[in-house]
Amino acid sequence: MSDEMTEVWRGSVRQWEVDEMGHWNTQYYVARANEGLAMLFGFNGLPGLFSPSSPTTVAFNEHHIRFHREAHAGAPLHMTGGFLEIGETTAFAVLVLHHSESGQVAATFRVRLTHVDAADGTTPQPWPAAFRKRASTSLVETPKEAAPRGTDDEPVALTASRERALELGLKRTAMSLIEMDACDAFGRMGSQKFIGAVGGGVKQLTGPIRALVAEHAEARPGKIGGAVLEFRIIYGETPRLGNCFEIWAGLQKTDKRTMSLIFWMVDPFTGRVFGSMQSIAIVFDLDARAIVQISPAATEALTPFVTQGLAL
């Protein structure tokens with residue numbers, strides 16, 4: 001094992017990737033992480049794994065993401081990465097995004113994936129022997145910044161379903177179509193678009209929650225918004241070009257600083273589960289650039305919003 005990771009991406013935040021709260025939208029963190037992952041595989045002998053002509057590619061099983069420091073328009077960034085584990089058909093990778101000027105960590109990504117047949121996107125395929133040997137001899141340790149903090153790390157079976165969403169009274173926050181610009185070279189929805197779809201409708205759920213936290217804050221905040229500290233995403237069946245989707249969401253729990261939100265992406269017609277995400281989020285004072293604490297009064301006011309038994 002080594003602490004030495006390989007540089008796999010370098011660039012900056014583009015103006016059009018910044019959201020209404022002035023920071024880099026979370027889906028673009030993941031988009032850049034996917035680019036870094038492609039470079040990591042390339043440096044280990046599989047440079048064409050994401051090409052439409054490749055007979056094999058990867059399917060995402062799980063993402064764990066932590067956001068450490070904001071990135072604003074124009075911020076120069078770079079990313080390092082390495083493999084934590086290599087199985088016969090699986091891999092576990094870690095990526096660390098850095099602010100280039102200060103060297104501070106901006107975000108971390110741990111990614112579990114499976115090597116699959118590109119034709120169907122699901123059938124596991126053994127890694128080429130040369131890749132497995134090369135990657136296995138340069139495994140890295142998990143940086144302390146990448147360890148889970150607000151989410152669990154144990155294997156889970158998805159509990160998501162459209163039927164359960166309706167039974168639990170979850171909020172439908174988004175519904176739309178998977179179009180060409182959301183897809184990879186194989187016509188599958190890119191993992192960053194899952195986060196994009198959640199983010200596009202998140203205020204349907206969080207708007208009233210943020211308002212209650214602000215209303216009951218011990219010190220009245222300025223203009224409020226939200227920010228995410230951590231994601232855990234478990235992927236189900238990958239949606240493809242032309243599929244429709246719904247996002248169903250609910251509040252799982254709160255503490256003095258954070259709230260845990262659950263988002264399920266499903267096919268509205270067949271009920272297929274495309275994925276489930278736990279989001280550790282905060283209410284953010286945009287003027288002070290500080291977290292708005294969840295007071296005891298706010299916790300009590302939020303009780304009707306909490307869905308008992310809600311999980312990934």
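**Exercise 1.** In which strand is the place of Thr 173, and is Thr 173 buried or exposed?

*Solution.* Before we start, a word on the ground rules: this is a predicted model, so local features need pLDDT of at least 70 and side-chain atom pairs count only at pLDDT 80 or more, while totals for chains, interfaces and linings use all residues. Residues are numbered from 1 along each chain as its sequence is written, and side-chain values use heavy atoms, with hydrogens and water left out.

Step 1: find the strand. Thr 173 sits in β6, residues 171-177 (strands, E, of at least two residues and helices, H or I, of at least four are DSSP runs, numbered from the N terminus).

Step 2: check the cover. Thr 173 counts as buried because its relative accessibility is 5%; buried means under 20% relative accessible area, exposed over 50%, and partly exposed in between, with a 1.4 Å probe and protein chains only.

Step 3: list the partners. Setting aside neighbours within four places in sequence, Thr 173 is in contact (heavy atoms within 4.5 Å) with Gly 201, Gln 204, Leu 205, Ile 247 and Ala 249.

**Exercise 2.** How many of the 11 residues of helix α4 are buried?

*Solution.* Step 1: helix α4 spans residues 191-201, and eight of its 11 residues are buried.

Step 1: name some. Among them are Phe 194, Ile 195, Val 198 and Gly 201. That last one, Gly 201, also turned up in the contacts of Thr 173.

**Exercise 3.** Which residues have the most contacts inside the largest nonpolar core?

*Solution.* A nonpolar core is a set of buried Ala, Val, Leu, Ile, Met, Phe, Trp, Tyr and Cys residues joined through side-chain atoms within 4.5 Å.

Step 1: the largest one has 69 residues, and Phe 41, Phe 83, Leu 97, Phe 109 and Trp 127 have the most contacts inside it. Helix α1 (residues 26-43) gives the most to this core, six residues.

*Solution.* Step 1: the count is zero. Step 2: look at Cys 183, which is in no disulfide, with the nearest cysteine sulfur, that of Cys 244, 12 Å away.

Notes. Disulfide = S-S within 2.5 Å.
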